[in-house]
Amino acid sequence: MNNDVEIKEYERIDDLHRNGYLLIQNTKMFCFGIDAVLLSGFAQVKKGERALDLGTGTGVIPILLEAKTKGSHFTGLEIQRENVDMARRSIILNGLEQKIKIDEGDIKQAVLIYGASTFDVVTSNPPYMNEGGGLKSECIPKAIARHELLCNLEDVVANASKLLKTGGRFYMVHKPHRLTDIIVTMRQYKLEPKRLRFVHSYAGKEPSLLLIEGAKSGKPMIKVEAPLVIYQKDGEYTEEIKKIYYA
């Protein structure tokens with residue numbers, strides 16, 4: 001760990017419970033939630049593969065994927081300069097400069113930045129709320145993270161498809177009420193849905209999130225996996241969630 005990394009006003013250091021890794025976040029801005037952690041547990045990056053996280057925020061997904069998988073290199077693309085700065089300092093804090101790179105840029109320009117068919121895996125925890133959906137946060141960074149202000153679902157899926165090699169995999173966490181839009185858009189851009197898993201806060205409750213995997217130019221067939229339940233009746237994490245967080 002590099003103890004010389006600057007920690008700025010309103011920032012905190014969070015323990016990611018993986019390899020001793022830490023993450024710098026600003027309490028006045030959008031901080032990562034359980035959805036990012038679940039995506040890092042759902043995504044599969046094989047030995048030697050290169051992965052890109054679109055809209056990486058403060059870099060939590062690339063850092064967790066580096067800890068959990070045997071991928072050779074991880075890149076995060078983020079449009080908000082303050083997040084890029086925090087993510088880069090977290091990479092230095094954890095001594096991961098050789099494994100993770102954070103770039104400042106627009107998802108809609110990603111192919112110009114990296115080139116087509118460059119990555120084996122693309123992940124994204126995109127804004128969930130489409131136009132008119134939900135209340136926009138008065139804090140602009142939070143609003144950008146939650147609402148489709150700077151990019152929408154089609155931007156994410158279209159660019160993920162262009163960036164992936166044939167047979168490459170796309171992983172995303174999103175809201176169940178957008179499922180029809182997600183599947184239609186993925187198929188439009190030749191990302192065939194292959195795995196789908198609904199996330200429930202409690203057993204017997206409606207799902208609050210979904211996790212989906214698509215394969216570039218894959219054959220039609222989707223596997224709907226068993227529901228992922230976050231909490232036991234007593235409010236404690238289920239054993240599977242504990243494994244995703246801590247194992």
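A salt bridge is a side-chain nitrogen of Lys or Arg within 4 Å of a carboxyl oxygen of Asp or Glu. The side chains of Lys99 and Glu66 meet that rule, at 3.0 Å from N to O. This is a predicted model, in which local features need pLDDT of at least 70 and side-chain atom pairs count only at pLDDT 80 or more, while totals for chains, interfaces and linings use all residues. Residues are numbered from 1 along each chain as its sequence is written, and side-chain values use heavy atoms, with hydrogens and water left out.

**Salt bridges**

- The count of salt bridges comes to 16.
- Helices (H or I, at least four residues) and strands (E, at least two) are DSSP runs, numbered from the N terminus.
- Lys99 is partly exposed, with a relative accessible area of 25%, whereas Glu66 is buried at 11%. Buried means under 20% relative accessible area, exposed means over 50%, and partly exposed lies in between (1.4 Å probe, protein chains only).
- Arg89 and Glu11 form a salt bridge through their side chains, at 2.6 Å from N to O. Arg89 lies in helix 3 (residues 81-93) and Glu11 in strand 1 (residues 11-15), so this pair ties together parts that are 78 residues apart in sequence.
- Both partners of that pair are buried: Arg89 has a relative accessible area of 8%, and Glu11 has 14%.
- In the salt bridge between Glu49 and Arg169, the closest N and O atoms are 2.6 Å apart. Glu49 sits in the loop between helix 1 (34-42) and strand 3 (50-54), and Arg169 sits in strand 7 (residues 164-174), 120 residues apart.
- Glu49 counts as buried at 12% relative accessibility, and Arg169 is buried at 9%.

**Nonpolar cores**

- The largest nonpolar core has 35 residues, of which Leu38, Ile63 and Leu211 touch the most other members. Such a core is a set of buried Ala, Val, Leu, Ile, Met, Phe, Trp, Tyr and Cys residues joined through side-chain atoms within 4.5 Å.
- Elements that give two or more residues to this core include helix 1, helix 3, strand 9 (207-216), strand 11 (228-231) and helix 8 (239-246). Helix 2 gives the most, with six residues.
- Leaving aside residues up to four places away in sequence, Ile63 is in contact (heavy atoms within 4.5 Å) with Leu16, Tyr21, Leu22, Leu23, Ser90, Ile91, Asn94, Leu96 and Ile100.
- Another core, of 24 residues, lies apart from the largest one; Leu54, Phe119, Cys151 and Leu196 are among its members.

**Strands 1 and 2**

- Strand 1 and strand 2 pair in the antiparallel sense over five bridges; two strands pair if DSSP finds at least two bridges between them.
- Asp14 stands opposite Leu23 in strand 2.
- The two strands form a hairpin with six residues between them, and His17 in the turn has a positive phi of about 60 degrees.
- In strand 2 (residues 22-26), five of the five residues are buried.
- Strand 2 is covered on both faces, with Leu22, Ile24 and Asn26 on one side and Leu23 and Gln25 on the other.
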